[in-house]
Each structure stands twice: as C-alpha cells, then as structure tokens.
Amino acid sequence: MLDEVLILTVDDDTLTLEIIEAILSDTDCRTIKAGNGQQAIEMLQAHPGIDAMLVDLEMPVMDGRKFIQYVRQSVEWRDIPIVAVTGNSREVTRILTLGANDFIAKPFNREELRLRVMNQVRNKKLSDLSRDMNDILESEVAKRTSALKDALDLSRRAEYEISLRLGTAAEFRDQETGMHTQRISELSKRLALLAG
C-alpha cells in the first residue's frame, strides 16, 4: 500500500519502545527510537522523511509537551503527525491544544495503536501528494503563461510587420499617395529633431 514508512518513537521506557516496534513490525513501518525530546530532535535532524511520531509525555531532559511545542513551531517538521502516548486521559485536551494530531492511552491496545499510527501516516502521505501536485500545477501554469506571453509578443510583432507591409503595398499602387506619405514622414522627422 505505502512505500517504506519511517516512524519516530519517543519514550524514556525502552520496553515501551520495543513493544511499539513489535506492534508496527507487521506493517511497512521502520521505527527509530529516542529516549527523550532532545534525542528526538537529533533523530529528526539525522533522518529526514519521518512520516509520523509516537511521543510519550513524561520524559526527562525534554518532556513530550515541550517537544510537541518545539516541533509545531518548526517550519521543517510542523507537518509531521504526532500521536501522543499518555497514561493520563485528562490531558487529552491539552495535548491536542499543543498540536498533537491524535493520542493513545497507556496501556494501549495493539490494534488501536497500529490503526491510529497508520491513519496519521496515510493522512500525511495524502497531504504530501496534494502539496506535490500543487507544486507541479503551479510550475506548469508558469510555463504555459510564459509560452502564452511569448506567443502574444510574436503576434504583436507580426501584426506590426503586416501593417508596415500593407502600407508599403498601398504606396506602390498610388504614386501620389506614396510620395505624400513619404513627405509627411520626412517632415515629421525634421520637426521632431527641431523639437529635441
């Protein structure tokens, strides 16, 4: 269904990280692990293309709340979906307010965890595809607009050339009119030179 999916799991409990990795192993996911928010930032820098993050809230050094805030303020990473992992269901509103896309309560159900993560990944892939298509469309519109402008410029030059040729043809048919037009042209030139 999807290409390789890269999931960042952030938790200070190594057993939880291993359980999450085992749960996601039957999908197309590859997990990378971090023990706190600071390590997670290092992982984000080292592994571009992360598709989703599972983030515990209670960790040393930088907890999950501060990490979520940091990521949501980052232009580079703010669109990566975050599923917050919490043992406190009363924090759900606060977690979502901070910018988490979803949450799952500990202890978590294996199938629920897998489905929540994969739903977030699917949403991100669709969002990325939509953004890429918009970029392609904007590029094509710019190319077509440029080509249209060039065609319009060519049309104007051709119109000017046709007008000159029709004028020259008219002068050849009637000697008197042709000479009159030439005299007016010369007179206009001299008046322009005198006027500066």
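Predicted model: local features only at pLDDT ≥ 70, side-chain atom pairs only at ≥ 80, totals over all residues.
Let me open with a definition: two strands pair if DSSP finds at least two bridges between them.

First, the overall layout. The model has an open sheet of five strands, in the order β2-β1-β3-β4-β5, and the pairing is parallel. At the edges sit β2, residues 29–34, and β5, residues 102–105; each of these pairs on one side only. From one strand to the next, the twist averages 20°.

Now β4, residues 82–86. Parallel to β5, β4 is joined to that strand by four bridges. A84 has F103 of β5 as its bridge partner. T86 stands opposite A105, again in β5.

Next, the β3 side. β3 and β4 also pair in parallel, over four bridges. Here D56 has V85 of β4 as its bridge partner.

So much for pairing. Is β4 covered or open? Mostly covered: five of its five residues are buried. I82, A84 and T86 point one way, V83 and V85 point the other way, and all are buried.

β3, α3 and β4 form a right-handed β-α-β unit. β4, helix α4 at residues 92–98, and β5 form a right-handed β-α-β unit too. To recap, β4 takes part in the unit with α3 and in the unit with α4.

Notes. Residues numbered from 1 in each chain as written. Heavy atoms only, no water. Helix = DSSP H or I, 4+ residues; strand = E, 2+ residues; numbered from the N terminus. Axes fitted to C-alpha atoms, helices over the stretch in contact; angles between N-to-C directions. Buried < 20%, exposed > 50% of the residue type's maximum accessible area, 1.4 Å probe, protein only. Right-handed = clockwise from strand over helix to strand, strands pointing away.
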